[in-house]
Amino acid sequence: MAVIAILAAPAAFSHSGVKDPQVMARMQLMSLVAADMKILGGMAKGSIGFDLERVQARAASLEQHAVETLRLFEPRANDPKSEAKPEVWEDWEGFSTRANEMQQAAKQLGLISAEDDFEVAFRAVGQTCTACHETYRINTN
């Protein structure tokens, strides 16, 4: 899954040397998103056993992270280590739409009641991450 690779980049390297506290807070939030996605991705790949309660908890966490994303990105803070493109603020409406799509996809993931529904719902969350990163994140790979 490409989304897992995108989100699994080592946060420690990207966070070193960040001086702006707003940018640091955003990076820390994205690390939390990556941690949730890593657990869910492990379930999708079968390396972690499926656990509906854990899925629901990670989905609730992702839903809250989507809300927090808008709050943390609203100020136009910058830092040489930031991976946010200027398009975040130049196209705030589009960025907000992407965050809202993630929130809704995470909410839907949290509503599943069986493992059979997991893959499609998880993939929908991952697609929101990918869509946002393609437009609003500097590719550091």
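This is a predicted model: local features need pLDDT of at least 70, side-chain atom pairs count only at pLDDT 80 or more; totals for chains, interfaces and linings use all residues.

Biologist: How many helices and strands does the protein have?

Modeller: There are 7 helices and 0 strands. Followed along the sequence, the pattern is therefore written α-α-α-α-α-α-α.

Biologist: What share of the protein counts as buried?

Modeller: Of its 141 residues, 40% are buried. The accessible surface amounts to about 7700 Å², and carbon and sulfur atoms account for 52% of that area. As for contacts with a separation of 6 or more, 72% are between residues 24 or more positions apart.

Biologist: Which residues of helix 6 are buried, and what covers them?

Modeller: The general idea comes first. An α-helix has 3.6 residues a turn, so residues three or four places apart point the same way. In helix 6 the buried residues are Gly94, Phe95, Ser96, Ala99, Met102, Gln103, Ala105, Ala106 and Leu109. Their cover includes helix 3, helix 4, helix 5 (87-90) and helix 7.

Biologist: Which residues touch the most other members of the largest nonpolar core?

Modeller: That core has 19 residues, and those touching the most other members are Met37, Leu40, Val55, Leu62, Leu109 and Phe118. At least two residues of this core come from each of helix 3 (21-45), helix 4 (52-73), helix 6 (92-110) and helix 7 (118-136).

Biologist: With which residues is Phe118 in contact, apart from its neighbours within four places in sequence?

Modeller: With those neighbours left aside, Phe118 is in contact with Leu40, Met43, Ala44, Phe50, Val55, Leu109 and Ile112. Its relative accessibility is 4%, so Phe118 counts as buried.

Biologist: What describes a pair of aromatic rings?

Modeller: Such a pair is described by the distance of the centres and the angle of the planes. This structure holds 6 aromatic pairs. One of them joins Phe50 and Phe118, with 5.5 Å from centre to centre and 65 degrees between the planes, an edge-to-face arrangement. The pair links distant parts of the chain, for Phe50 is in the loop between helix 3 and helix 4, whereas Phe118 is in helix 7, 68 residues apart. Phe50 has a relative accessible area of 23% and is therefore partly exposed.

Biologist: Why is the pair of Trp92 and Phe95 called tilted?

Modeller: The ring centres of Trp92 and Phe95 are 5.5 Å apart and the planes stand at 35 degrees, so this pair is tilted. Both residues lie in helix 6, 3 residues apart, which is about one turn of the helix. Trp92 is partly exposed at 24% relative accessibility, whereas Phe95 is buried at 3%. Together with Phe73, Trp89 and Tyr136, Trp92 and Phe95 form one aromatic cluster.

Biologist: Let us turn to helix 7. Is Val125 buried or exposed?

Modeller: Val125, which is placed in helix 7, has a relative accessible area of 0% and is therefore buried. Its C-alpha atom is separated by 5.9 Å from that of Ala106, although these residues are 19 apart along the chain. Apart from neighbours within four places in sequence, Val125 is in contact with Met37, Leu62, Ala105, Ala106 and Leu109.

Biologist: Which residues are in contact with Thr128, again leaving aside its neighbours within four places in sequence?

Modeller: Thr128 is in contact with Glu101, Met102 and Ala105. Thr128 also lies in helix 7, and at 11% relative accessible area Thr128 is buried.

Biologist: What is a disulfide, and how many are counted here?

Modeller: A disulfide is a covalent bond between the sulfur atoms of two cysteines. The count here is 0 disulfides. For Cys129, the nearest cysteine sulfur is that of Cys132, 8.1 Å away.

Terms used
Residues are numbered from 1 along each chain as its sequence is written. Side-chain values use heavy atoms; hydrogens and water are left out. A nonpolar core is a set of buried Ala, Val, Leu, Ile, Met, Phe, Trp, Tyr and Cys residues joined through side-chain atoms within 4.5 Å. Buried means under 20% relative accessible area, exposed over 50%, partly exposed in between (1.4 Å probe, protein chains only). Helices (H or I, at least four residues) and strands (E, at least two) are DSSP runs, numbered from the N terminus. Contact means heavy atoms within 4.5 Å. Rings of Phe, Tyr and Trp (its six-membered ring) pair if their centres lie within 6.5 Å; planes under 30 degrees apart count as stacked, over 60 as edge-to-face and the rest as tilted. Accessible areas come from the Shrake-Rupley method with a 1.4 Å probe; for residues, only the protein chains shown count as cover. A disulfide is a pair of cysteine sulfur atoms within 2.5 Å.
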